[in-house]
Amino acid sequence: MKKYPWWKAMMDYGIVLPATIGLLPVLLILFLVASLDTGFPGIFRQERIGRYGKIFIIYKFRTYHSVMHTKSAVGKWMRKYKLDELPQLFNILIGDMSLVGPRPDIPGYYDSLKGNDRLVLELKPGLTSEAGVKFRDEEKILSQQTNSLQYNDEVLFPEKVKMNIDYYHNLSFKNDLKILLRTLSVLRR
């Protein structure tokens with residue numbers, strides 16, 4: 001087991017704390033919009049697998065109508081620009097997540113890995129990752145499959161694990177910066 005790099009904590013708190021303070025008005029507006037659009041409160045909470053396989057609660061802005069269980073128009077817009085992910089800044093501040101690391105998944109995936117693949121669990125889940133950038137349109141990719149669950153389990157998830165293991169073995173400040181810059185360039189599109 002690797003010791004968690006000190007520079008990751010410095011990067012996380014050095015970027016996320018001022019960003020959260022600066023974005024607070026935007027976060028409040030998005031919370032109000034999500035609450036009006038999908039029902040109060042406009043925050044979605046879900047169990048995800050964190051570092052060492054521990055379960056934590058992830059926060060997102062709600063994008064589905066609470067009664068009809070359909071994606072809202074505002075929710076589609078928020079998801080397109082990944083604005084629904086902004087509450088995860090608080091997950092980073094409380095130490096459950098990092099800016100860069102494997103995207104957190106629901107129970108039954110990362111916690112079920114075997115052998116060398118379990119190294120992924122030594123990393124904090126991230127707000128962004130190389131796999132997150134590559135599969136940015138995962139929802140669209142899955143919607144085009146005959147059996148989306150099977151495709152996810154047999155194609156997408158194994159590829160993400162491979163990419164996250166590569167990230168683990170090449171963990172560096174420089175790589176994290178590259179992934180952050182790649183993420184920002186993709187979000188501008």
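**Exercise 1.** How many salt bridges does this predicted model contain, and which parts of the chain does the pair Glu 139 and Lys 71 tie together?

Solution. The count comes to nine salt bridges. A pair qualifies when a side-chain nitrogen of Lys or Arg is within 4 Å of a carboxyl oxygen of Asp or Glu. For Glu 139 and Lys 71, the closest N and O atoms are 2.1 Å apart. Glu 139 sits in helix α5 and Lys 71 in the loop between β2 and α2, so the pair ties together parts 68 residues apart in sequence.

**Exercise 2.** Locate the salt bridges of Glu 130 and Glu 159.

Solution. Start with Glu 130, which pairs with Arg 182 at 2.4 Å between the closest N and O atoms. This pair links helix α4, holding Glu 130, to helix α7, holding Arg 182, 52 residues apart. Next, Glu 159 meets Lys 134 in a salt bridge of 3.3 Å, N to O. Glu 159 lies in helix α6 and Lys 134 in helix α4, so parts 25 residues apart in sequence are tied together.

**Exercise 3.** Which residues of α7 are buried, and what covers them?

Solution. Take residues under 20% relative accessible area as buried. In α7, these are Asp 176, Ile 179, Leu 180, Thr 183 and Val 186. They cover an arc of only 130° around the axis, which puts them on the same side of α7. Their cover includes α1, β3, β4, α4 and α6. Finally, the face turned away from the buried side carries the exposed residues Lys 174 and Leu 181.

Technical notes: Residues numbered from 1 in each chain as written. Predicted model: local features only at pLDDT ≥ 70, side-chain atom pairs only at ≥ 80, totals over all residues. Heavy atoms only, no water. Buried < 20%, exposed > 50% of the residue type's maximum accessible area, 1.4 Å probe, protein only. Helix = DSSP H or I, 4+ residues; strand = E, 2+ residues; numbered from the N terminus. Arc of directions from axis to C-beta. Contact = heavy atoms within 4.5 Å.
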